[in-house]
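User: Got a model I'd like to walk through with you. Can we take it piece by piece?
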Protein chains: 2
Amino acid sequence: MYKRRKRLTVEEYVNGILKSDKIILSKAITLVESALESDNILAEQVLEKILPHTGKSIRIGITGVPGVGKSTFIEVFGQLVTAKNLRLAVLAIDPSSQRSGGSILGDKTRMSTLATNPLAYIRPSASGSSLGGVGTKTRETMLLCEAAGFEVIFIETVGVGQSETTVKSMVDFFMLLMLAGAGDELQGIKKGIMEMADSIVITKADGDNKVKCERARREYENALHLFSPSVTGWYPPVLTCSAIHNEGLEEIWGEIEKFTTFMKKKGFFQKNRQHQNIQWMHDIISYSLRQHFYTNEKISKLSRALEKDIENQKIPSISAARKLLDEYFHS
Amino acid sequence: MYKRRKRLTVEEYVNGILKSDKIILSKAITLVESALESDNILAEQVLEKILPHTGKSIRIGITGVPGVGKSTFIEVFGQLVTAKNLRLAVLAIDPSSQRSGGSILGDKTRMSTLATNPLAYIRPSASGSSLGGVGTKTRETMLLCEAAGFEVIFIETVGVGQSETTVKSMVDFFMLLMLAGAGDELQGIKKGIMEMADSIVITKADGDNKVKCERARREYENALHLFSPSVTGWYPPVLTCSAIHNEGLEEIWGEIEKFTTFMKKKGFFQKNRQHQNIQWMHDIISYSLRQHFYTNEKISKLSRALEKDIENQKIPSISAARKLLDEYFHS
């Protein structure tokens, strides 16, 4: 009648993480991603303990549409990072995972060299949507990786809208990968996403494509100059690279170092992180309040009915909202 | 001991509005803008009654930074609209009003000709922030104006970020006014705002400035083409105009008509409005839930303390959020 205990104690998790034990780190991430209330409480105890050991990495967001060569880029750029004797964790946020339960990284075959690199750790995103939607627990996963001594974190996402904002809100440096001359319309990159970028990198700058890439680089540079600069005074550089020929990658790393020096000197680096953390608390609260509201069965039924009434112009939005709020607070 | 009744009955409001009585319309808007609970209930009854008479206008959002010539533009463009025998309401959303209680339009001296035009109605925004923040009750004000027979609605705002999103979410056509060669950085226009525009209009295209405006027009056209087109298939035209010489304004009106025909034919016009109305209900709910949460004195005190703890890295955001939610739901 012996039931195997799957969960470790708080101390076992914490000690394992601080010792950089990848197996325990993975278990801790699974715990953090769990939708179980009891797991959540345990996860928070672990997070509280490891918190003093977090925050020492550079957090880099990497996005771009499918086909831009993200996996190849991360594979090669990741090797460059570990060649500097820096430990690298690659996390992925998959906007489709909410529905499919799938993950971008699949079975890690996408980045086979990096996957076997002892200085690297690759972890696909959770499929759960238990709190806050897309990439919910990625922030907490990032903290665990930092406590485990990873000095560089890549947070990868597919460029399709929603998820970029989430990534931007948890990283220090946000990098947008673009293709040259694919007809930029086809890349589906929204202007709002370009605005978030701390750097734009044009991939596949090799062979016949080189000239096109340089032209695209200048075009994007001009487009960026049309708009207002960021409050920090940082001008996002537009760079080209070829992952397969290992060209331009050192320059990208150079820009990231330049950026962090610049931001730390001006005090924006720490301020940005504090702001992100406080915002994250309020985001979780907003999400949980809405969750509590709409998972109420009576409310959700009434809400659907009122949406129909609004569509058919039977009720003004403000009255529909009040009806729902009255039902929620007074019953 | 006679106390003058300031409020009318629901019927008096409704009849006055449907008869296009501007004085009663103004009183109804004041009622809608009121922060008093009893006024809100009365206002909703009025809104419910007039709802079948709403929705027949073209709702046009107009934005641009101070100095772009918005007042002059609206003054002249408004005359063009009323010259077509269309009744025009001009509403303003002032993002600063939340703090100062002031309003963009001040005493209507900004648009003196339009203010005395019998086919026009000018109304500054409410200063209240009672529900939903910036421009809260502008949607309801718009409904009242539509029921009063106004066929074109301008919703004006200053281009400083937040308020444009609000305006975009309540109009059919969103127009961005820009200056040529002022150094676009100075205009502080964010890429995300350009992305929302259904048309960009470059103002003050007169005299020596004409050449510069035409060059700016081409530049913005190119910049817009760099990005992905809207799902509707509408390509935002970039136009120039001179309000003081009355040049280019008929073309702008032509584009608005082209846009509405295009959108109605494709079914996007009505869908967009339905979506806006449903979203508005959910926005009011989210706002009210947060309001209820943070106006709780115990919560707001604890929240401030936890923000400090997060800043000093004493607690992870997720634990801070849970502490607050536990306090809220269990006490």
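User: Which strands does H7(A) lie across?
Analyst: H7(A) lies across strand S1 (58-64), S2, S3 and strand S4 (152-158) of chain A. It runs at about 170° to S2(A). Axes are lines fitted to C-alpha atoms, for helices over the stretch in contact, and angles run from 0 to 180 degrees between N-to-C directions. Contact means C-beta atoms, placed from the backbone, within 7 Å.

User: Ground rules, please.
Analyst: This is a predicted model: local features need pLDDT of at least 70, side-chain atom pairs count only at pLDDT 80 or more, and totals for chains, interfaces and linings use all residues. Residues are numbered from 1 along each chain as its sequence is written, while chains are lettered from A and ligands numbered from 1 in the order in which they are written.

User: What does the secondary structure of chain A come to?
Analyst: 15 helices and seven strands. Both are DSSP runs, numbered from the N terminus: helices are H or I with at least four residues, strands are E with at least two.

User: And what order do the strands take in the sheet of chain A?
Analyst: S3-S2-S4-S1-S5-S6-S7, in an open sheet with parallel pairing. Two strands pair if DSSP finds at least two bridges between them.

User: Which strands stand at the edges?
Analyst: S3 and strand S7 (238-240) of chain A. Each has a single partner strand, so one side of each is left without a neighbour in the sheet. The twist averages 20° from one strand to the next.

User: What share of chain A counts as buried?
Analyst: 44% of its 331 residues.

User: Domains next. Where are the bounds in chain A?
Analyst: Domain 1 is 1-52, domain 2 is 54-266 and domain 3 is 281-330. The bounds come from an automatic or database domain assignment. The centres of domain 1 and domain 3 of chain A, taken over C-alpha atoms, are separated by 36 Å.

User: Now the interface. How many residues of chain A are in contact with chain B?
Analyst: 50 residues of chain A, with 50 residues of chain B. H13(A) gives the most to chain A's side, with twelve residues.

User: What's that side like by class?
Analyst: It has 26 nonpolar, eleven polar and 13 charged residues. Ala, Val, Leu, Ile, Met, Phe, Trp, Tyr, Cys and Pro count as nonpolar, Asp, Glu, Lys and Arg as charged, and the others, Gly among them, as polar.

User: What rotation superposes chain A on chain B?
Analyst: 180°, with 0.0 Å of shift along its axis and an RMSD of 0.0 Å. The two copies are thus related as by a two-fold rotation axis. A:Gly192 has the C-alpha of chain A nearest the axis, 2.2 Å from it.

User: Through what surface do the copies meet?
Analyst: 100% of the interface residues of chain A are also interface residues in chain B, so the copies meet through the same surface.

Note on methods:
Two residues are in contact if their C-beta atoms, placed from the backbone, lie within 7 Å. Copies are superposed by least squares on the C-alpha atoms of residues with pLDDT of at least 70 in both. A residue is buried if 20 or more other C-beta atoms lie within 10 Å of its own, exposed if 12 or fewer, and partly exposed in between; C-beta atoms are placed from the backbone.
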